[in-house]
Amino acid sequence: MIKVSIFFVETHTHLDLIKRSTEEVVKEATEKGVTKMVTIGIDLESSKIALEFASRFAGVYAAVGFHPHEAKFLDEENLKELEKLAKKDRVVAVGETGLDYYWKHSTLSCQMEAFKKQINLARKLNLPLIVHDREAHQDALKVLAEEAKGLKILLHCFSGDLDMAKVCIERGYYLGIGGVVTFNNAVKLRAIVKEVSLENMVLETDSPYLAPHPFRGKPNEPKYIPLIAEKIAEIKGISLEKVAKITSNAAQEFYGI
Ligand SMILES: [Zn+2]
Ligand SMILES: [Zn+2]
């Protein structure tokens, strides 16, 4: 008998923001087949914790960056610190960075400046870039086209329309698909998932936020990745194994893990 073993890659979690023992969180995810996960920094402090987790757990990798909410704090000194962190082993990407025109916790010009600084850092260190884009689609695409040519780009928690998805695919970007795809009202996202090639999609939870159905509104965790994969399999009419294999390949290719 051939035993088919499948595994998943969680491309975007914030382990430091999950209010439970990290040991337990990682263990339970691993038991569900989520054997590799990337924990994402949003400022210096959380980037340092991401690195600590990555050195402590075999399947955990770190991304270091300043979230658009924290963009106002990315001065020259903090940028130097961020660069030091980004050079460490087990750091697999710069991010999350980008633009958030919904909350605007930092001014738009601050966000733009921090975004460009981190694009430059990714280029300098030859690292992939994790982009957060909320209600800033046009500007995000414009900045990426002008400043990030040749970089590996992942638009995490993709929230654009089908036309934007097609532009992204043409440019070779990856789209992060998370719990939203399981929500009743996510008609637009499901249409994109149906249409777009799976080779450009990766799985993410963005935990502790955006838990998939039936845990919507509750704390999210990397162990729910298979629920997202199941939904994608259903939408595309393919097997769960195929979704796991192709998205895991894409994620490993993107992060080089
Ligand atoms: Zn984000
Ligand atoms: Zn995030």
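This is a predicted model: local features need pLDDT of at least 70, side-chain atom pairs count only at pLDDT 80 or more; totals for chains, interfaces and linings use all residues.
Residues are numbered from 1 along each chain as its sequence is written, while chains are lettered from A and ligands numbered from 1 in the order in which they are written.

Biologist: In what order do the eight strands form the open sheet?

Modeller: Strands (E, at least two residues) and helices (H or I, at least four) are DSSP runs, numbered from the N terminus. Two strands pair if DSSP finds at least two bridges between them. The pairing in this open sheet is parallel, and the order is 1-2-3-4-5-6-7-8.

Biologist: Which are the edge strands?

Modeller: An edge strand here pairs on one side only. The twist from one strand to the next averages 30°. The edge strands are strand 1 and strand 8 (201-203).

Biologist: What angle does the direction of helix 9 make with that of strand 8?

Modeller: Helix 9 packs on the sheet and touches strand 1, strand 2, strand 3, strand 4, strand 6, strand 7 and strand 8. Axes are lines fitted to C-alpha atoms, for helices over the stretch in contact, and angles run from 0 to 180 degrees between N-to-C directions. Contact between two residues requires C-beta atoms, placed from the backbone, within 7 Å. The angle is about 95°.

Biologist: Which residue in strand 7 is the bridge partner of leucine 155?

Modeller: Strand 5 (residues 129-134) and strand 6 run parallel, joined by four bridges, and there leucine 155 is the partner of valine 131. Strand 6 also pairs with strand 7 (residues 174-177), in the parallel sense, over two bridges. In strand 7, the partner of leucine 155 is leucine 175.

Biologist: Which helix makes a β-α-β unit with strand 6 and strand 7?

Modeller: A crossover is right-handed if, with the strands pointing away from the viewer, the path from the first strand over the helix to the second runs clockwise. Strand 5, helix 5 (residues 137-147) and strand 6 make one such right-handed unit. With strand 6 and strand 7, the right-handed unit is made by helix 6 (residues 162-170).

Biologist: Why do the buried residues of helix 1 line one face of the helix?

Modeller: A residue is buried if 20 or more other C-beta atoms lie within 10 Å of its own, exposed if 12 or fewer, and partly exposed in between, with C-beta atoms placed from the backbone. In helix 1 (residues 22-31), Val25, Val26 and Ala29 are buried, whereas Glu23, Glu24, Lys27 and Glu31 on the other side are exposed. The arc is that of the directions from the helix axis to the C-beta atoms. The buried residues line one face because, seen down the axis of helix 1, they fall within an arc of 90°.

Biologist: Is glutamate 77 buried or exposed?

Modeller: Glutamate 77 has its place in helix 3 (residues 76-86). Because it has 9 C-beta neighbours inside 10 Å, glutamate 77 counts as exposed.
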